[in-house]
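Please open the model in a viewer and follow the selections below in order.

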Amino acid sequence: VQQSGLALQFASVALRADWGVVLSTVLQDGGALEFASEALQAGPEIQMAAWGPDFYGLDFAPVELRADPAAALAAVQHGGLALEFVPGARREDRCVVRGAGGGA
């Protein structure tokens, strides 16, 4: 997983449930979140880490977390394109859109 975060899909169940392994993997490639254990996928620390590098981790975040105003703002502040993964109601939130650079 050091060379490709998506290699996590081929790791053992135990490693996909290992917080340290998953954290380092999603920091490298947010899309690797898809292959983490369900328990780790739901964890806010792992979620936020997955949002940083490429926003693909947002696609696997629970809707409740993406809809949270603070979480949505944090995601778009990493990069405005993260707004694509924010639920509709948050796309109308002026603070979130401004955080994305939309200037609403």
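**Start at the cap of H2**

Select Asp-18, which caps the N-terminal end of H2: one of its side-chain oxygens lies 3.0 Å from the backbone nitrogen of Gly-20. Helices here are DSSP runs (H or I, at least four residues), numbered from the N terminus. The model is predicted, so local features need pLDDT of at least 70 and side-chain atom pairs pLDDT 80 or more, while totals for chains, interfaces and linings use all residues. Residues are numbered from 1 along each chain as its sequence is written, and side-chain values use heavy atoms, with hydrogens and water left out.

**Along H2**

Next, select residues 19–28, helix H2, where Val-22, Leu-23, Thr-25 and Val-26 are buried (under 20% relative accessible area, with a 1.4 Å probe and protein chains only; exposed is over 50%, partly exposed in between). Leu-27 also belongs to H2, yet Leu-27 is partly exposed, at a relative accessible area of 49%.

**The core**

Which residues touch the most other members of the largest nonpolar core? Among its 24 residues, they are Val-22, Val-26 and Trp-51. H2, H4 and helix H6 (69–78) each supply at least two residues of this core. Such a core is a set of buried Ala, Val, Leu, Ile, Met, Phe, Trp, Tyr and Cys residues joined through side-chain atoms within 4.5 Å.

**Colour by confidence**

Finally, colour by pLDDT, the predictor's confidence in each residue, from 0 to 100. The chain mean is 84; confidence is lowest in helix H4 (residues 44–54), at a mean of 78, and highest in helix H1 (residues 13–16), at 96.

Methods:
Polar contact = N/O pair within 3.5 Å; in protein donor to acceptor, adjacent residues only side chain to side chain.
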